Amino acid sequence: GSGIMANIRGRNSTTTRRLNELWRQWALTSACDYEGRHNFYGLQSLILRSTAEAGEGLAVKRMTGAGPRIHLLEPDFLATLQDTLPMVQGIEFGSDGKRVSYAIYKRHPGDKDATAETVKIPAADVSHVYRQLRAGQVRGVTWAHAVVEKLKDFEDYQSATLIRQK
């Protein structure tokens with residue numbers, strides 16, 4: 001579909017028109033994108049693609065001098081090595097079980113000059129997009145996981161057949 005479409009309504013038509021105009025100025029331009037490349041609907045498309053491919057995506061609210069921006073991050077940015085309670089897979093949980101913050105690498109861990117430096121981002125500023133398949137699931141799973149498992153089984157079968165023939 002077209003994604004999430006905003007439609008601001010209210011009792012005061014002047015305020016409603018003004019809010020809708022402000023929304024259009026922000027969402028229909030690259031002003032909403034932290035990297036300045038996509039409009040709001042392009043960002044929705046990217047996060048959906050990331051969710052299908054990697055199982056999840058992160059949309060981080062960043063306040064800049066020019067106003068709020070959305071910064072999309074690959075799930076690789078979650079600092080999963082910090083896996084000591086209350087941090088689980090890069091996500092800090094409070095005693096009530098709710099998400100408190102996310103530990104995010106400052107640089108993509110795949111970059112040649114990446115370090116293990118992280119920053120904690122409050123959970124209120126992060127939209128962690130993933131398809132939850134079971135209770136208590138903390139992270140997403142690629143939508144192709146069933147196919148990948150079968151491919152791995154097929155690879156194991158080929159290896160076993162080759163060894164048997166030797």
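Modeller: From the N terminus on, the elements run α-α-β-β-β-β-β-β-β-α, which gives 3 helices and 7 strands in the chain. Helices (H or I, at least four residues) and strands (E, at least two) are DSSP runs, numbered from the N terminus. Keep in mind that this is a predicted model: local features need pLDDT of at least 70, side-chain atom pairs count only at pLDDT 80 or more, and totals for chains, interfaces and linings use all residues. Residues are numbered from 1 along each chain as its sequence is written, and side-chain values use heavy atoms, with hydrogens and water left out.

Biologist: How do you know how the chain's radius of gyration compares with that of a compact globule?

Modeller: The radius is taken over C-alpha atoms, and the globule rule is 2.2 Å times the number of residues to the power 0.38. For 166 residues a compact globule would come out near 15 Å, but this chain has 21 Å. Along its principal axes the C-alpha trace spans about 80 × 35 × 35 Å.

Biologist: Why is A123 called buried?

Modeller: Buried means under 20% relative accessible area, exposed means over 50%, and partly exposed is in between (1.4 Å probe, protein chains only). A123 has a relative accessible area of 16%, so A123 counts as buried. Buried residues make up 30% of the 166 residues in the chain.

Biologist: Where does A123 sit, and what does A123 touch?

Modeller: A123 is in the loop between β6 (118-122) and β7. Leaving out residues up to four places away in sequence, A123 touches R99, V100, S101 and Y102. Contact here means heavy atoms within 4.5 Å.

Biologist: What makes the span of α2 close to the expected one?

Modeller: The expected span is 1.5 Å times one less than the number of residues. Helix α2 (residues 40-54) has 15 residues, and its first and last C-alphas are 21 Å apart, close to the expected 21 Å. At its start, a side-chain oxygen of N39 comes to within 3.0 Å of the backbone nitrogen of Y41. After α2 comes G55, whose phi is positive, near 95°.

Biologist: Which residues of α2 are buried, and what do they pack against?

Modeller: F40, G42, L43, Q44, I47, S50 and T51 are buried. The buried residues of α2 pack against α1 (13-27), β1 (56-64), β2 (67-73) and β7 (126-130). α2 lies across β1, β2 and β7, at about 145° to β1. For that angle, axes are lines fitted to C-alpha atoms, for helices over the stretch in contact, and angles run from 0 to 180 degrees between N-to-C directions.

Biologist: How do you know that β1 pairs with β2 and with β7?

Modeller: Two strands pair if DSSP finds at least two bridges between them. β1 and β2 have 7 bridges, and 5 bridges join β1 to β7, so both count as pairs. Among the bridge partners, M63 goes with P68 in β2, A59 with L72 in β2, and G57 with V129 in β7. β1 and β2 also form a hairpin with 2 residues between them.

Biologist: What order do the strands take in the open sheet?

Modeller: The order is β2-β1-β7, with antiparallel pairing. β2 and β7 are the edge strands, each pairing on one side only.

How values were computed
Polar contact = N/O pair within 3.5 Å; in protein donor to acceptor, adjacent residues only side chain to side chain.
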